[in-house]
Amino acid sequence: METFSVLTLVINDVGETENITQKIDYDMTSGSVNSLTSDVNTKSLIINMTAPESGTINITIPRSIIDSRRDDTGMIVCGEGCDCTIDDIFYVIIDGEEIIHTETITDIDRTIIIPFMESSDVMEIIGTTVIEDLYTIGDGIAMATDIRIK
């Protein structure tokens, strides 16, 4: 099992800061994860990878990094600050193609098993919320900003 440590600077509404370290654990049958970034516009976690042959990635991601929820009517997809209690599926796209995957959900994280093809480059996991400004700063280390206004 490999780990990406995500160092997060949390800033609250009165300017107080806190440093939090979270882990994204993954096991990849063939290949490697090169970098992680987030895109707040598409609410996605982007994984740049090297895949010399087809395989699977089993990745466990804290809900505080990316999540997917909806309201109880099923009509409203919820973003940051919504009171949505129903888990919704992630959409997974690899090199522009939607991928069928499996998910295991707990109160604190979501584990996704995703198959990929040989030569896959970019995997995008799309939810309804994603941490801001996530980017890779070194081998197995990423940084992010989390601004919480209450």
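These are my notebook entries on a predicted model of one protein chain.

**Entry 1: ground rules**

I number residues from 1 along each chain as its sequence is written, and side-chain values use heavy atoms, with hydrogens and water left out. The model is predicted, so I note that local features need pLDDT of at least 70, that side-chain atom pairs count only at pLDDT 80 or more, and that totals for chains, interfaces and linings use all residues.

**Entry 2: overall make-up**

I looked up the secondary structure and found zero helices and 17 strands. Helices (H or I, at least four residues) and strands (E, at least two) are DSSP runs, numbered from the N terminus. Of the 150 residues, 39% are buried. Buried means under 20% relative accessible area, exposed means over 50%, and partly exposed lies in between (1.4 Å probe, protein chains only). I then looked up contacts, meaning heavy atoms within 4.5 Å. Among contacts with a separation of 6 or more, 59% are between residues 24 or more positions apart.

I checked which strands pair; two strands pair if DSSP finds at least two bridges between them. Strands β1 and β2 run antiparallel and are joined by ten bridges. Val10 has Glu18 of β2 opposite. Strand β2 also pairs with β5, antiparallel, over four bridges. Here Tyr26 has Ile59 in β5 as its bridge partner.

**Entry 3: the aromatic pair**

How many aromatic pairs does the structure hold? I found one. The rings of Phe4 and Tyr26 have centres 6.5 Å apart and planes at 35°, so I recorded the pair as tilted. The rule is that rings of Phe, Tyr and Trp (its six-membered ring) pair if their centres lie within 6.5 Å, with planes under 30 degrees apart counted as stacked, over 60 as edge-to-face and the rest as tilted. Phe4 is in strand β1 (residues 2-12) and Tyr26 in strand β2 (residues 17-28); the two are 22 residues apart, and the pair links distant parts of the chain. Are Phe4 and Tyr26 buried or exposed? Phe4 is buried at 2% relative accessible area, and Tyr26 is buried at 8%.

**Entry 4: salt bridges**

I listed six salt bridges. A salt bridge is a side-chain nitrogen of Lys or Arg within 4 Å of a carboxyl oxygen of Asp or Glu. Arg63 and Asp87 form one of them, at 2.8 Å from N to O. Arg63 is in the loop between β5 (55-62) and β6 (66-67), and Asp87 is in strand β9 (residues 86-87), 24 residues apart. Arg63 counts as buried because its relative accessibility is 10%, whereas Asp87 is partly exposed at 29%.

Arg69 forms a salt bridge with Asp67, with the closest N and O atoms 3.1 Å apart. Asp67 is buried at 6%, and Arg69 is partly exposed at 24%. Arg69 also meets Asp87 in a salt bridge, at 4.0 Å from N to O. Asp87 is in β9 and Arg69 is in strand β7 (residues 69-70), so this pair ties together parts 18 residues apart in sequence.

**Entry 5: the nonpolar core**

A nonpolar core is a set of buried Ala, Val, Leu, Ile, Met, Phe, Trp, Tyr and Cys residues joined through side-chain atoms within 4.5 Å. The largest one has 30 residues, and those with the most contacts inside it are Ile57, Ile59, Ile61, Ile114 and Ile125. I followed Ile114: leaving out residues up to four places away in sequence, its contacts include Ile57, Ile59, Val92, Ile94 and Ile125.

**Entry 6: strand β10**

Which residues of β10 (residues 91-94) lie on its covered face, and which on its uncovered face? Val92 and Ile94 are on the covered face, Tyr91 and Ile93 on the uncovered one. Strand β10 runs antiparallel to strand β14 (residues 122-126), with four bridges, and Tyr91 stands opposite Ile126. Two bridges join β10 to strand β11 (residues 97-98), also antiparallel, and Ile93 stands opposite Glu98. The hairpin of β10 and β11 has two residues between the strands, and Asp95 takes a positive phi near 50°.
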